[in-house]
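Please read these points with the sequence and the model open beside you.

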Amino acid sequence: MDENFQEEQFRGMIKFTPSLSKQRYQFVKDLVEKYKPKKVADLGCADCRLLWILKFCSCIEVLVGLDISESIMKEKMHRLSPLPGDYLQPTERSLTITLYHGSVAHEDPCMLGFDMVTCIELIEHLEELELKKFPEVVFGFMAPSIVVISTPNIEFNMLFPGVTLFRHPDHKFEWNRAQFQSWALETARCYDYLVEFTGVGHAPRGMENVGFCTQIGVFFRKCPQTSGFVQSVNSKETVYKTVFKAVYPSLKDEKYLQNTLVGEVISTAQIIKQSLLDHLMSEYEECNENTTERKAQLQSCFSKDISKLAVEKSMESFVNGNVVYVPLKTIFSFPKVNQLCGTLERLHKLIAGRVTLSSDGDALMLSTEQEND
């Protein structure tokens, strides 16, 4: 949930560096980098800031956000869309980001199969009946491997002058450390999880006894979810509304792989071509003494070199007329090309029809008269 109000209200009273929200997001990011989840859901995603941070984590392939406020998500969801650079340089991983409008008190099969679920500053916004349903939905139904829950520590409020009840007007409750730990331990016991307690936002020196400003529980599922359970809930009806979906370009998609490979092949061939032409021009200038006889000798020498290169064309690039022939074997030997296609046969397949090849299909043909082919 959005806690900007809270941090604005307390600015000048206690200053957190980095800001408390950034510390919470960094905590989640550190967990992601440690445990490498592929599918992550953020419940109460609000303005999608955490999802935006997590989309840069290379291990994540599926990101989902859920919030009860459709308008807030729609206002900020554009930040999750692919940028032009994502299409120009697709990554090897696939990434799909989806936002749903719905309540954490309702079960929906689209939330199954996640490795990690985050609930950052969410539970204190829930009504009593929603909070009662929350463990059953998250830990019983969704049953991810890791659940991260953060919530305000009311014991810290004594350090905020003027706070007589809760930090945010929408908070339905705020727990002290004992209350949160009691709830978390009982939830972990009921659904076969282990829980570790920590937090972010240190108290000023001499006031450490109040604990962290934000208390955090990290839950780890003891046993893998059984496939039988997943199958039994697949019949449940969809209750969430999809408000946004973005599928990022990926080299796992052959369309993007082909475009990237063709670009790399042409770029590599252009470098080889220019190197060959520069070498031949250098030899020409060395032989050129502005005499007809020397020019004739050069032409003869040049023709012999071309013939020799043509014979060895399976290994070397060569010039024939106004065309430079660059063997695919040579292009394939470059690491980036090799990494993209894997085999010479696949290189042939992916670039066929997208570039000009020699009659035998073994070499890329480039004109000597154009800067860009």
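1. The surface. This is a predicted model, and its protein chain exposes about 19600 Å². Carbon and sulfur atoms supply 53% of that area. Of the 373 residues in the chain, 45% count as buried.

2. The overall make-up. The protein chain holds 13 helices and 11 strands. Take the contacts between residues at least 6 apart in sequence: 74% of them join residues at least 24 apart.

3. A covered strand. How many of the eight residues of strand β7 are buried? Seven are, so by the cut-off of under 20% relative accessible area the strand, residues 214-221, is mostly covered.

4. The partners of β7. Strand β5 (residues 146-152) runs antiparallel to β7 and is joined to β7 by seven bridges.

5. The largest nonpolar core. In soluble globular proteins, nonpolar side chains tend to be buried together. The largest nonpolar core in this model has 42 residues. Val32, Leu54, Ile60, Leu99 and Phe156 have the most contacts inside this core. Two or more residues come from each of α2 (20-35), α3 (49-54), β3 (96-101), β4 (116-120), β5, β7 and β8 (241-247). Which element gives the most to this core? Helix α2 does, with six residues.

6. The surroundings of phenylalanine 156. Leave aside the neighbours within four places in sequence, and phenylalanine 156 is in contact with Ile14 and Phe16, and also with Arg167. Its other contacts are Gly201, His202 and Ala203, together with Val210, Gly211, Phe212 and Cys213. Phenylalanine 156 is also one of the residues with the most contacts inside the largest nonpolar core.

7. An exposed leucine. Leucine 129 lies in helix α6, which covers residues 128-142. Is leucine 129 buried or exposed? Leucine 129 counts as exposed because its relative accessibility is 69%, and the cut-off for exposed is over 50%. From C-alpha to C-alpha, leucine 129 is 8.4 Å from alanine 105, a residue 24 places away in sequence.

Technical notes:
Residues numbered from 1 in each chain as written. Predicted model: local features only at pLDDT ≥ 70, side-chain atom pairs only at ≥ 80, totals over all residues. Heavy atoms only, no water. Helix = DSSP H or I, 4+ residues; strand = E, 2+ residues; numbered from the N terminus. Buried < 20%, exposed > 50% of the residue type's maximum accessible area, 1.4 Å probe, protein only. Contact = heavy atoms within 4.5 Å. Areas by Shrake-Rupley, 256 points an atom, 1.4 Å probe, with all protein chains shown as cover. Pairing = 2+ DSSP bridges. Core = buried A, V, L, I, M, F, W, Y, C linked by side-chain atoms within 4.5 Å.
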